[in-house]
Amino acid sequence: MTNRKMHFRCSLQELRSLMELRGEESVTIIKEKYGDVNELCARLRTSPVEGLDGTSKDIVRRTEEFGQNFIPPQKPKTFVELVWEALQDVTLIILMLAAIFSLALSFYHPPTHIRQNCGKASGGVEDEGEAAAGWIEGTAILLSVLCVVLVTAFNDWSKEKQFRGLQNRIEQDQNFAVIRGGQVIQIKVSEIVVGDIAQAKYGDLLPADGIVIQANDLKIDESSLTGESDHVKKSVNKDPMLLSGTHVMEGSGKFLVTAVGVNSQTGIILTLLAAGEDEKNDKKKKKTQVAPMVEMQPLNQEKEPDKKKTPPKKEKSVLQGKLCKMAMQIGKAGLIVSTLTVAILIIRFLIDTFLIEKVLWSKACLPIYVQFLVKFFIIGVTVLVVAVPEGLPLAVTISLAFSVKKMMKDNNLVRHLDACETMGNATAICSDKTGTLTMNRMTVVQTYIAGRYHKTLPKPDQIPAPILDILVQGIGVNCAYTSKIMPPEKEGGLARQVGNKTECALLGFSLDLHRDYQNIRRKIPEEKLFKVYTFNSSRKSMSTVLKNHDGSYRMYTKGASEILLRKCCKILIEHGKTKAFKRQDQENLVKKVVEPMASEGLRTICLAYRDFPTTDGEPNWEDEAHILINLTCIALVGIEDPVRPEVPEAIRKCQQAGITVRMVTGDNIDTARAIAIKCGILQPGDEFLCLVGKEFNQRIHNSRGEIEQERLDKIWPNLRVLARSSPTDKHTLVKGMIDSTVLEERQVVAVTGDGTNDGPALKKADVGFAMGIAGTDVAKEASDIILTDDNFRSIVKAVMWGRNVYDSIAKFLQFQLTVNVVAVIVAFMGACITQDSPLKAVQMLWVNLIMDTFAALALATEQPTEELLLRKPYGRNKALISRTMLKNILGHAIYQLAVIFTLLFYGEKLFNIDSGRDAPLHAPPSEHYTIVFNVFVLMQIFNEINARKIHGERNVFKGIFNNRIFCFILLGTIVVQIIIIQFGGKPFSCAGLAIDQWLWCVFLGFGSLLWGQLVTSVPTSWLKFMRLPGQGMQQEEIPEGELDEAKTQEEIDHAEKEQMKRKRWLRSYNRILTQTRVVDAFRHSVSPRKGLEKPESCNSIHSFANSPESCMEDSVSQGPLIDEDDAAIDEVVV
C-alpha cells in the first residue's frame, strides 16, 4: 500500500478536498499547491497530451487506489418485502380476517338439541364428519389468498428484475471519449479512472469530476447539483472544476479526471442520500420514497434545500387518466353492491329465523348466529373481490413489459414505461430532418468557388492555389477535432464519418481535393487554437481564431449561408483576389446559387475568414457582434444528405394511421421544403404552411411580445415545415399543440430531438424520442424513448407497439368486465334469493386468479400487426371502452346470465340431481352448484377467445397460434379446472361430475363462441339508445352524411365518433391503488437519476399510486369511459 501511495504523489482525500473548491478559489489553490494543472497531471502519472498508456496493470492500480467509476444502485426489495407489500391489499386483509374468524368458529360444535332450537337454517342433514370439516373453508380461503399474494409478489419481483436489466443495458451503452496512448478512444463510462484525459463536447453528460486542461467556449449546466440555472463558463484561468452529473451546454474541452464513482461530488451526495434512506423507518420511507440515485433538490437563495417546495403536479398519461376514472366509478359501486349483499342476507336471515319461524333469542345460539354472520360477511367480500378486477394493473404491467422487451428489437429503447401506450395515441409527430428523415451521411456535391458555380465537385486544378490553401486550412482547423474521416470497416465500403456529419462532409471535401486535413491539424494542434466560438442554435455558425507569428490573428468561420453572407463585405474571386461584396451582390448570389442548391434539397454552408492586423490592436474577443462582421467569403458548398429510402413509406403509413408528421429543422426553408416533398410530408399543390422560425414567432406573438394561444391555433393545424427554427421555437410549437383545444381531438404529440437544447421540447412532448447515434446525453436523458438507429421507421414501429398496448388492455377490459358483471349479478342475486352465493369464496378467488393474472398474461402478449395502422388514433379524449366493446360485454353477459340462472333454478331438474339451494351451514358440496361453477368458468375460457378481437371482427381465431402464451394458458386453465372439479372436494366446494355432465358443461361454454357471432351481427348503432341519467344533457350528434362515411372506416372509429352517455361499470379505486405497486419499483430502478424522470411525464397506471389525490382531483379532466360528451371534459392540468 505504501508503494502505491508513493507511486501517485496525490492521495484520494487530497483530490476529494480539491474538488470541493469552486471558481477563483480553486484556481488559487491549484497554483499554490501544484503550480498548474500540468503538474497535477505529473503527480497522477499521466500526460495532458498523450493521456494514460492504457495498460491493464496501470488501470487496475488506479482503480484500487482511487476507486471505480461506479455508484452502487439502490438495494432491490427482497421477495419477502414484496410479499409484505402485496399483503397490504385492503380486500385481502378483510378476507383473511373473515377466514380466520370462520376458522376459529368452525371448531365450535354445539349439541344437536341446541342447534335445532336455533332455527331451520342452522339445523340440517350433516353428519359429524361434515361438521368437523367446517375448518376446511377458512383454511382454503387463507391458502387461496396466499396463492394470490405469492403470484403478485412474484410478478413484482420479476418485473423489477427485468427493468433493472433494462437500466444496466442503458448504462452499458454509455461511452465517453478519453485519450490513451495518444489516441482518442471511446470507452465505457464505468472504465474511466483517475488520471484519464477526457474530452468533453457539446451535449455530453460528464461521467466524473475533473479539472479543465483546455477549453473552447465551454459552458456547463450545473443546475443538477447547485440549483443555479445559469450556465457556468469554464476555463483554465477562471473556473476549471468540472463535476460529474453536469451537462455540457456549449463548446468543448479536455479535462483531467480527478474523482470517480462514490468519491466524485455526485457520488458523495448520493452515498449520503442512500445512508439517510437506510435510517428512515418504513412509514417515512413510503411517504418520501427517496431513491439513492436522484439528483439534488434545487437550492433556494440561502443555498439550503428548498424542502417546502412541492414538486410540479404531474399530468397523467392518456391511458392512465381513463383507467383512473374507471377505478373511481367501479370502486364506489363495488362497495355499494357488496354492502347491500351483506345487508340483504342479514335482514333475510333475521326475518326467516325470528319472524317466520318465530325462534326465541337464546345466548346458546349466539355462536351459531355469529357463524352465519361471518358466512354472510365472506359472501359480501366475495362480491367485492369479484367486482374489482385487480388484474387490470397487472395487465398494464405485463403488456408494457412485454412491449418494452420486444421494442428493443425494433430499435426503440424505452426509458419511461408510459411512453409505450402514449405513443399509440399520438396524433402528431414533430420530427427533425437530419439523421431521422435523411441518412445523416453528408457529402459536398456542389460548390461556388472563385466566382464559379460547380454543379459537380471541382478538381483541385480548377481552384486557384491561394484560395485552395485558405479553404483547406479553414476546414481543417474550424471543424471540431473530434470530427474525422476513418477508413471503411470493410474493404470496398464507404469511409466512416465520426463526429458531426456536416463537418465530416467538409473534411471529406478536403480529401476529395487531395489535401489531408490531418497534416494541418498536426501543424496546428487543438491546444494552439487561440479561441473557438462553438456552434450553437443562436449563432448558427462556428469560428476558430488562430494567432500568427507576427501577432496578428486570422479567424475562420463556417455557418448557415444566408446568415453569414450578410456578414461578408468581401469575396474571393479568380487568382485569389478579393472583391467588394455589396448587398446587391449578396442577393444575386442567394438567388443564383443558394436557392438553386436548396431547391434540390442541399444544405448550403458558407465558408469565410477575417484577418485582424496588429495595427488594429487587440480585439475584444468577448464582443461577438463586432468580431463576426466584415468577413471575406471563401466559398459556398451544397451538402447532400439523401432521404432514407424507407422514410417515404413510413410517413405514408403514419398519414394513413391518422398521424400528422411535421418537419422542424434548423436548415433553410428551401432545403426543408425540398426534403419534405421527397419524404411525402408535402405533396405538390398542397396549401399547407412552410414557415421560417422568424416569421413563426412574428405570427404567434402579440404587440406586447407575448405568445397568444389563439394566434398559435391559427397556424399549427396547417403547418407542415418549420425551418431555421431554434429549440425554443420547437418547444413553443409542441406546447401550443398540446394545450390547444381548437380541434375536436386534443393533440397527443411526439417529438424527436438530438441536441442539448432540444431537452425542453422532448420533456414537454407526450413522447420524446432521442437519437441514439447522433443524440447528445442531455437529449437522451430528457427523452422517453431512444431510437438506437436514428431512423424514422422505428417511430412507426413504436406507434404500432403503442396501439398494441392500448388494444391489449382494451381486450383485457372487455373480457374482465364481462366476467365481473356476470359474477357480481350471480353472487348478488344468488345470495339474495338462495341466502348463499352459488360461487363460493374459494371458487371466486380461483376465478380471480385465472381471470385476472392468467388472462392478463394471455391477452397482453399479442403481437402487433400492420392492421393497427389502418385506423385513426384513439386520441386524448376518446372513450376507453368503445361502443363495439360495450356491445360485446353486454351481449355475452346476457348469454352467461341466462345460462347461469337457468342452471341455478332449474339445473337439478335438467340434470336430474339434488338441488344445492338452501343447503345448511356445513352441507357437503353439491353436483348442482358444481355444474354452475364449472359452466361459469368454461364460458369465461371460451369468451377469452372472443375477447381477442375488439373491433367487430368475426374471425376470433385469426393469429391465435402466433401467440403461444395464449394457447398454453388456455390449455393450462382447462387442465387445472378439470383437476379442481374432480379432485377439489370440500376446499373448493366441488363434487366430481360424470362424463355426460362434463359434455353439457363444455357445450354450454362453447356456446359463448357461437353467441359471439350473433352479437357481432348486431349493428353497433343500435346502442344509441343507451343514455344514463346524471351525465349532462348535451350530446354531440353526427350528421347522417358523416355517419355514412364513418361506416366505411373500421368499426372502432364508428363507435368513437358517436357521442352518448356512458354506462357506469363497477371498479374499486382502492383495489387498483394497492395493486399498482406491481410497478412501483420500476420508477426507482429504471432511472439512475431523478432528472431522468420527466417533470411533465404522464406515467401510466403504475405511477398514480404515488399520488392518489391527483387521481381524485383530476379524474374529471380525463377522457370518458364510454363516449362521454366533449363539453363535459375540462382541460387537462399541466
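Colleague: Is N411 buried, partly exposed or exposed?
Modeller: The model is a predicted one, and its residue N411 has a relative accessible area of 28%. Buried would require a value under 20%, and exposed a value over 50%. Because 28% falls in between, N411 is classed as partly exposed.

Colleague: What is the phi of N411, given that it is a positive value in a residue other than glycine?
Modeller: The residue belongs to the loop between α16 (391-409) and β8 (412-414). The phi of N411 is positive although the residue is not glycine, and its value is near 65 degrees.

Colleague: H575 also has a positive phi. Is H575 buried or exposed?
Modeller: H575 is placed in the loop between β17 (568-572) and β18 (578-580), and its phi is near 65 degrees. Its relative accessible area is 62%. Since the limit for this class is over 50%, H575 counts as exposed.

Colleague: Is E503 buried or exposed?
Modeller: E503 is part of helix α19, which covers residues 501-512. Its relative accessible area is 7%. That value is under 20%, and therefore E503 is buried.

Colleague: Which side chain does the side chain of E503 join in a polar contact of 2.7 Å?
Modeller: Apart from neighbours within four places in sequence, E503 is in contact with N478, C479, A480, S483, M542 and K558. With A480, the side chain of E503 reaches the backbone nitrogen, at 3.1 Å. The polar contact of 2.7 Å, in turn, runs from side chain to side chain, and the partner of E503 is S483.

Colleague: How many salt bridges does the structure hold?
Modeller: One of them is formed by R9 and E39, whose closest N and O atoms are 4.0 Å apart. Another joins the side chains of D469 and R515. For the structure, the number of salt bridges is 32.

Colleague: How many residues apart in sequence are the parts that R9 and E39 tie together?
Modeller: R9 and E39 form a salt bridge. R9 is located in the loop between α1 (2-7) and α2 (12-18), while E39 is in helix α4 (residues 37-43), so the pair ties together separate parts of the sequence. R9 is partly exposed at 42% relative accessibility, and E39 is partly exposed at 29%. The separation of the parts in sequence, in residues, is 30.

Colleague: In which helix is D469, which the pair links to R515?
Modeller: The salt bridge between D469 and R515 has an N to O distance of 3.0 Å. R515 lies in the loop between α19 and α20 (517-523), and the two residues are 46 residues apart. D469 has a relative accessibility of 41% and R515 one of 30%. The helix that contains D469 spans residues 465-477 and is α18.

Colleague: Which residue forms a salt bridge with K531?
Modeller: The closest N and O atoms of this pair are 3.7 Å apart. K531 is in strand β14 (residues 531-533), and its partner, 91 residues apart from it, is in the loop between β19 (603-612) and α23 (624-627). Salt bridges that share partners join both to D217 and K233 in one network, and the partner of K531 is E622.

Colleague: How far apart in space are P48 and I179, C-alpha to C-alpha?
Modeller: P48 lies in the loop between α4 and α5 (56-66). Not counting residues up to four places away in sequence, P48 touches N38, C41, I197, I213 and K254. In sequence, P48 and I179 are 131 residues apart, but the C-alpha to C-alpha distance is 8.9 Å.

Colleague: At what angle do helix α33 and helix α36 pack?
Modeller: Helix α33 covers residues 883-910 and helix α36 residues 995-1017, and their axes are 10 Å apart. The crossing of the two is right-handed. The angle between α33 and α36 is about 145 degrees.

Colleague: How many residues of the contact of α33 with α36 are polar?
Modeller: Residues of α33, among them K887, N888 and G891, meet residues of α36 that include L1004, G1007 and W1011. In this contact six residues are nonpolar and one is charged, and the number of polar residues is eight.

Key: Residues are numbered from 1 along each chain as its sequence is written. This is a predicted model: local features need pLDDT of at least 70, side-chain atom pairs count only at pLDDT 80 or more; totals for chains, interfaces and linings use all residues. Side-chain values use heavy atoms; hydrogens and water are left out. Helices (H or I, at least four residues) and strands (E, at least two) are DSSP runs, numbered from the N terminus. Buried means under 20% relative accessible area, exposed over 50%, partly exposed in between (1.4 Å probe, protein chains only). A polar contact is a pair of N or O atoms within 3.5 Å; within protein, one must be able to donate a hydrogen and the other to accept it, and residues adjacent in sequence count only if both atoms are side-chain atoms. Contact means heavy atoms within 4.5 Å. Axes are lines fitted to C-alpha atoms, for helices over the stretch in contact, and angles run from 0 to 180 degrees between N-to-C directions. A crossing is left-handed if the near helix is turned anticlockwise from the far one by less than a right angle, and right-handed if clockwise. Ala, Val, Leu, Ile, Met, Phe, Trp, Tyr, Cys and Pro count as nonpolar, Asp, Glu, Lys and Arg as charged, and the others, Gly among them, as polar.
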